[in-house]
Amino acid sequence: MEKRPNRLIHESSLYLRQHAYNPVDWYPWCEEAFARARAEQKPILLSIGYSACHWCHVMERESFEDPETARLMNQLFVNIKVDREERPDIDQVYMNAVQLLTGRGGWPLTVFLRPDGTPFYGGTYFPPEDRFGLPSFRRVLLAVAQAYRERPDEIDKTAAQILDALRKIEATAAPGEESLDASLLDTATARLTALYDREHGGLRGAPKFPNPSVFEFFLQQAVAAQRPELLSMVRHTLEAMARGGIYDQLGGGFHRYSVDERWLVPHFEKMLYDNALLVPLYLRGFLCTGERDFVRVARETLAYLLREMRHPEGGFYASQDADSEGEEGRFFVWRHDEIQRVLGKDLGELACRYFGVTEVGNFEAGRNVLHRSLTVSQLAGLYQLPEADVESRLKEARRRLFEVRETRVRPARDEKILAAWNGMAVSAFAFAAGVLNDSHYQAVAEAGLRFLRERMWRDGRLLSVYADGQAKHLGHLDDYAFVLTAVLDVFEVSQTMELLDWSQRLAGVLLDRFWDNSAAGFFFTSDEHEALVHRCKPSFDGAVPSGNSVACRALLRLFHWTGEERYRTHAEAMLSAYAPAMRDQPSGFANFLCAASFQIHQPKEIVVVRHDESAEALLRAVWEACLPHRILLVLRPGDGKQALPLAEGKVAAGPPSCAFVCHRMTCSPPLRSAQDLQLALRS
């Protein structure tokens, strides 16, 4: 029988269109759906997911494509499907509600609402039959519909309790109640190190996520508080991830997380944000340890983003699916005999030993997730070959395996462009441009920022999503915070005054439209957004750092460049308000701890006065230094930056080129050599 499309066929979201031929009478999030629920006095079934989500696909196949399940859904509920990446504001509200109800969250998210949008019951994945300790989805549908009909008072009471709890979990202390000093950082560090996995790196337990903000904070503390053991933890973690199956050993880039504690078997989706956040961490790890392999990982990850995730006009796509040909990981895994056929006996044996490939396999159906089970040195010793020879052979093996893999059916790619995630990608390329002195990376970062400016900045407002040639949805807190950070990161590389001007316009919208005037912090939505049943003010780091913490760090940096007091005062109010949470729940507030470290230790303010080419050596000294916090300003004659506070007294100091290092209101004399500058940066 020919399938007929539902309303989702007209949506721009790939995730919604994936459900367009379900027999479920889906609505997108719209007033029409709520009006129908009110008119028919039916509860709403809200299903939230995203296109790269493996278990979202599983639930679709098992339940949403099943005619009998769809019949129950259509009979008992008004059904709404939401792409959490297009509407993170909706996802924030209802994810928090489900976590309150069940103690856990994730996608697919399944929430039952009253017609006014208030949640009263929910969960995540429900199987088609009772299993995994979960009731079947059909049983849940019948029980929820019966409770809604027969026990309306209980439903109303539960909904009211959830709304009250949502308000309470986001309440913050009043600014000024908590001291902000090094003891806060020390307490948080002690609690975080207690969670450290000393055998495998990362934080203990499974599934295992990279947690880049935690390890950036460790790097900061390692240098600022002179704690070398923290640097060892960072190095261990970065090495373990780079060896593991969470890292794509052939194509570069990181998968979402590993299901085990050894970083071995990943959930295979690749998200733009994971890769964008890990590149700067690996580069900072290189700057502070000298480990060259971290540069290789960063470059390979950036190459993956350029090869597979870049829009022709310079933006970056959102994600790649975990599944292909109906199987999770099919594109990425290998059988032992496949590798032997591709590489031949001798090279195949060498590659299998290096990548931990066996006939039994470490994944489903005798397949293997590639990981580096031996070092090149160990492999050279085992085969009694020179290391250079082994390196050359492994390079050839990777090339040939990659070429064969490219002929496979590729995982689907979600080609929507999200402002927040593109901000992260721009920041990654900008930081790589500075650290690696790579003009191509700078051009990529500038093109990404130009895409955001030309396609997603309209009438002084940032838009959140670009899909099918159209930008839509007013930007949320994360969009502004990450794009503001990206503008500052590109400014550090390019030193273009226009970018500093745009950064202040972005910050102005944040402060004027998102700030909570009754307490410190930013709401997730502005006062111009659609009003939902609750206005979230997220502070807890999830898959990405919280928008509040990112905005706080950006405002602190912006203050040092511009001297604008309101940036500092708002950021300090946030730090004071969230200090108790940083102390008590450091794993969820690691990015706020990075902001607190910036304010407590204060950045090195570095001004390079460029009169000739000798400035290049000074700039290399800055970019190659392991600094926990810094602000960089480059002054050129007539570049419009002479009026900035950092420029005062430094404009005419030359020729030749020179640098000043200022810290806590005290500046060095003009430094003419890179060696003198390096010494000043280390002091």
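Select Cys-288 and Cys-626: a disulfide, that is, a pair of cysteine sulfur atoms within 2.5 Å, joins these two residues, with an S to S distance of 2.0 Å. The torsion about their S-S bond is about 90°, so this disulfide is right-handed. Cys-288 belongs to helix 11 (residues 272–289), whereas Cys-626 sits in the loop between helix 24 (615–623) and strand 18 (630–635); the pair therefore ties together parts that are 338 residues apart in sequence. Helices (H or I, at least four residues) and strands (E, at least two) are DSSP runs numbered from the N terminus.

The model is predicted; local features need pLDDT of at least 70 and side-chain atom pairs count only at pLDDT 80 or more, while totals for chains, interfaces and linings use all residues. Residues are numbered from 1 along each chain as its sequence is written, and side-chain values use heavy atoms, with hydrogens and water left out.

Remain with this pair and consider accessibility, for which buried means under 20% relative accessible area, exposed over 50%, and partly exposed in between (1.4 Å probe, protein chains only). Cys-288 has a relative accessible area of 18% and is buried. Cys-626, at 26%, counts as partly exposed.

Next, select Cys-53 and Cys-56. A disulfide joins them, with 2.4 Å from S to S. The torsion about the S-S bond is about 80° here, so the link of Cys-53 and Cys-56 is right-handed. Both Cys-53 and Cys-56 are buried.

Then move to Cys-662 and Cys-667, which are joined by a disulfide with an S to S distance of 1.9 Å. This link is right-handed, with 105° about the S-S bond.

When the bonded cysteines of the protein are numbered in sequence order, the pairing reads 1-2, 3-4, 5-6.

Two further selections concern cysteines without a disulfide. Select Cys-552, which is in no disulfide; its nearest cysteine sulfur belongs to Cys-594 and is 11 Å away. Cys-552 is buried, with a relative accessible area of 0%. Finally, select Cys-658, which is also in no disulfide; the nearest cysteine sulfur, that of Cys-662, lies 11 Å away. Cys-658 is buried, and its relative accessible area is 0%.
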